[in-house]
Amino acid sequence: MRFDHLKSIKLISECPVCHEKQADPKIQFLDEHPVGHLLYVQCQNCASRLVVLVSFAAEAVSLLGVLTDLAGEEIGKFSERGPISADDALELHDALRRKDFVKNI
Ligand SMILES: [Zn+2]
């Protein structure tokens with residue numbers, strides 16, 4: 001299913017934060033995955049932002065949404081980065097122990 005068709009479907013009708021009805025929510029297509037389409041939705045009332053995975057199977061549509069404080073462009077950047085490895089976690093742990101950590105940010 002193309003993104004144009006996704007926009008025409010009124011799947012996301014109410015903001016989960018302010019509960020305002022969304023007549024025309026700001027929806028941005030982020031990516032297409034084998035399991036579905038990744039969308040970025042911003043409430044026109046309270047500016048809350050959601051990342052939503054829309055999956056289609058047979059005659060069913062499922063949505064999985066997560067609130068975020070990231071902008072749509074930032075989500076794309078992190079999506080391309082890949083998963084966090086054990087080495088990444090150890091590197092961060094070591095960096096947090098250094099007294100000059102804040103100065104080097
Ligand atoms: Zn809202």
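The predicted model contains an open sheet of four strands in the order β1-β2-β3-β4, with antiparallel pairing. The edge strands are β1 and β4 (60-68), each of which pairs on one side only. Neighbouring strands of this sheet are turned against each other by 25° on average, direction ignored. Helix α2 packs on the sheet and touches β1, β2, β3 and β4. The direction of α2 makes about 10° with that of β1.

The pairing can be followed strand by strand. β1 and β2 are antiparallel and share seven bridges. They form a hairpin, with two residues between them. In this pair, His33 stands opposite Gly36 in β2. β2 and β3 also run antiparallel, joined by six bridges. His37 has Val54 in β3 as its bridge partner. In a regular strand, side chains alternate between the two faces of the sheet.

The chain as a whole has three helices and four strands. From the N terminus, the elements run α-β-β-β-β-α-α. Of the 105 residues, 9% count as buried. Among contacts with a separation of 6 or more, 34% join residues 24 or more positions apart.

The mean pLDDT of the chain is 82, and 88% of the residues score at least 70. Among the elements, α1 has the lowest mean pLDDT, at 53. Helix α3 (residues 86-97) has the highest, at 92. Where pLDDT is low, predicted coordinates should not be read in detail.

Helix α2 (residues 72-81) is hardly covered: among its 10 residues, the count of buried residues is zero. Glu73 lies in this helix. Glu73 counts as exposed because it has 10 C-beta neighbours inside 10 Å, and the cut-off for exposure is 12 or fewer. The C-alpha atoms of Glu73 and Gln28 are separated by 10.0 Å, although the two residues are 45 residues apart along the chain. Just after α2, Gly82 takes a positive phi of about 95°.

Helix α3 is likewise hardly covered, and the count of buried residues among its 12 residues is zero. At 1.5 Å a residue, the 12 residues of α3 should span 16 Å. The end C-alpha atoms of α3 are 17 Å apart, which agrees. An α-helix has 3.6 residues a turn, so residues three or four places apart point the same way.

Positive phi values also occur in loop residues other than glycine. His19 has a phi of about 65°, although it is not a glycine. This residue lies in the loop between α1 (3-8) and β1 (26-33). His19 is exposed, because 10 other C-beta atoms lie within 10 Å and the limit for an exposed residue is 12. Ala47 gives a second case, with a positive phi near 70°. Ala47 lies in the loop between β2 (36-42) and β3 (49-57). Ala47 is exposed too, because it has 11 other C-beta atoms within 10 Å, against the limit of 12.

Terms used. Residues are numbered from 1 along each chain as its sequence is written. This is a predicted model: local features need pLDDT of at least 70, side-chain atom pairs count only at pLDDT 80 or more; totals for chains, interfaces and linings use all residues. A residue is buried if 20 or more other C-beta atoms lie within 10 Å of its own, exposed if 12 or fewer, and partly exposed in between; C-beta atoms are placed from the backbone. Two strands pair if DSSP finds at least two bridges between them. pLDDT is the predictor's confidence in each residue, from 0 to 100. Two residues are in contact if their C-beta atoms, placed from the backbone, lie within 7 Å. The expected span of a helix is 1.5 Å times one less than its number of residues. Axes are lines fitted to C-alpha atoms, for helices over the stretch in contact, and angles run from 0 to 180 degrees between N-to-C directions.
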